[in-house]
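Subject: Structure handover and notes

Hello,

Here is the structure we talked about handing over. Please load it first, then read the notes below.

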Amino acid sequence: MRLAGKVALVTGGGSGIGAASAKLFAKEGARVAVLGRTREKLDEVVEEIRKGGGEAEVVQGDVSDYADMERAVGEVVERWGRLDVVFANAGVNGVWAPIDELAPEEWNKTLAINLSGTFYTIKAAVPHLKRQEGGSIVVTSSVNGTRMFSNSGASAYATTKAGQVALTKMLALELAKHRIRVNVICPGAITTEIEESTEKRDLAEAREPIEYPEGEIPLTDGKPGSAEQVAQLVLFLACDESSHITGTPVWIDGGQSLMQG
């Protein structure tokens with residue numbers, strides 16, 4: 001088991017990539033804290049892990065509130081005595097709209113959850129990772145804002161995703177002396193529930209008219225990837241098999257961003 005004896009925290013663990021990663025971490029021997037805001041979804045993930053013989057606990061928390069994240073991470077360490085892996089995955093698509101229609105409070109909300117939430121999660125976890133003299137942090141970014149800029153109207157979202165990559169690279173150097181690795185994944189079209197949280201307004205006005213060849217994801221003739229495929233990448237970056245990798249963005253999109261960038 002690649003994570004035997006480890007304790008992992010997964011934010012946004014109630015669905016999609018977070019849930020798939022939490023389940024895979026547990027299967028590989030980790031004790032998993034599944035964090036999110038919706039108790040019902042978290043309970044379902046933890047119940048499935050336990051039915052499979054894994055060990056997991058629900059931790060309710062709001063990544064956009066630093067005090068709440070300090071409290072939540074403290075609960076994890078109090079229960080299991082350590083923290084080894086942090087998957088900073090929580091995020092929203094937010095509002096996609098032309099800049100003259102995007103309200104400042106809509107911009108601020110997306111940044112608070114996606115970018116500040118990533119910072120708060122890592123900041124709260126780092127003291128505990130240092131005590132273990134090493135660990136792995138994985139951040140979920142996106143093809144948007146890193147390789148793809150063709151989704152006009154997604155300005156707030158793309159800005160947070162670009163910021164996460166920069167934060168990852170900065171912290172990879174800062175934390176290297178503590179043997180803490182920091183990497184970032186950049187998924188493309190993945191079958192998850194995140195689209196349900198997206199509000200899109202008047203995007204036709206902002207978008208340039210572009211026609212892509214048939215099959216916008218070259219590797220799969222347009223079929224989106226799965227959360228389970230992304231979870232396999234997260235597991236690799238979390239475990240010792242990737243012990244010499246840090247500060248690295250990894251795109252997992254079937255070639256989508258190369259075509260649509």
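The notes below go through the sheet, a few single residues and a pocket.

This is a predicted model, in which local features need pLDDT of at least 70, side-chain atom pairs count only at pLDDT 80 or more, and totals for chains, interfaces and linings use all residues. Residues are numbered from 1 along each chain as its sequence is written, and side-chain values use heavy atoms, with hydrogens and water left out.

**The sheet**

Start with the open sheet of 7 strands. Its order is β3-β2-β1-β4-β6-β7-β11, with parallel pairing. Strands here are DSSP runs of E with at least two residues; helices are runs of H or I with at least four; both are numbered from the N terminus. Two strands pair if DSSP finds at least two bridges between them. β3 (55–60) and β11 (249–252) are the edge strands; each has a single partner, so one side of each lacks a neighbour in the sheet. From one strand to the next, the twist averages 20 degrees. Axes are lines fitted to C-alpha atoms, for helices over the stretch in contact, and angles run from 0 to 180 degrees between N-to-C directions.

Now the β7 side of the sheet. β7 and β11 run parallel and are joined by 4 bridges. Ile185 has Val250 in β11 as its bridge partner. Two helices come in here. Helix α5 (residues 155–176) packs on the sheet and touches β6, β7 and β11. The direction of α5 makes about 160 degrees with that of β7. Helix α7 (residues 227–238) also packs on the sheet, touching β4 (85–88), β6, β7 and β11. For α7, the angle with the direction of β7 is about 165 degrees. Contact means heavy atoms within 4.5 Å.

β6 and β7 also run parallel, with 6 bridges between them. Ser136 stands opposite Arg181 in β7.

How many residues of β7 are buried? The count is 8 of the 8, so β7 is largely enclosed by the rest of the structure. Buried means under 20% relative accessible area, exposed over 50%, and partly exposed in between (1.4 Å probe, protein chains only). In a regular strand the side chains alternate between the two faces of the sheet. In β7, Ile180, Val182, Val184 and Cys186 point one way. Arg181, Asn183, Ile185 and Pro187 point the other way.

Val32 sits in strand β2 (residues 31–36). Val32 counts as buried because its relative accessibility is 0%. Leaving aside neighbours within four places in sequence, its contacts include Ala8, Val10, Phe25, Glu55 and Trp80. Val32 and Leu83 are 51 residues apart in sequence, yet 9.8 Å apart in space, C-alpha to C-alpha.

Ser21 lies in helix α1 (residues 16–27). Ser21 is also at 0% relative accessibility, so it counts as buried. Not counting residues up to four places away in sequence, Ser21 touches Phe87, Ala231 and Val234.

**Loop residues**

Most residues other than glycine have a negative phi. Glu133 is not a glycine, but has a positive phi of about 55 degrees. Glu133 lies in the loop between α4 (104–131) and β6. Glu133 is exposed, with a relative accessible area of 65%. Asp221 has a positive phi too, near 55 degrees. Asp221 is in the loop between α6 (203–206) and β10 (225–226). Asp221 is exposed at 71% relative accessible area.

Gly254 is in the loop between β11 and α8 (256–260). Gly254 is partly exposed, with a relative accessible area of 25%. Not counting residues up to four places away in sequence, Gly254 touches Ile217, Pro218 and Leu219. Gly254 and Cys239 are 15 residues apart in sequence and 23 Å apart in space, C-alpha to C-alpha.

**The second largest pocket**

The second largest pocket has a volume of about 290 Å³. Of its 21 lining residues, the closest to the centre are Gly134, Gly135, Arg179, Arg181 and Ser243. β6 (135–140) and β7 (180–187) are the elements that give two or more residues to the lining. By class, the lining has 7 nonpolar, 7 polar and 7 charged residues.

The terms are as follows.

- Pocket: on a 1 Å grid over the protein atoms alone, an open set of points where a 1.4 Å probe fits, with protein on both sides within 12 Å along at least five of seven lines.
- Lining residues: those with an atom within 4 Å of a point.
- Volume: the space filled by probe spheres set on the points, with grid points joined across faces, edges and corners.
- Classes: Ala, Val, Leu, Ile, Met, Phe, Trp, Tyr, Cys and Pro count as nonpolar, Asp, Glu, Lys and Arg as charged, and the others, Gly among them, as polar.

Best regards
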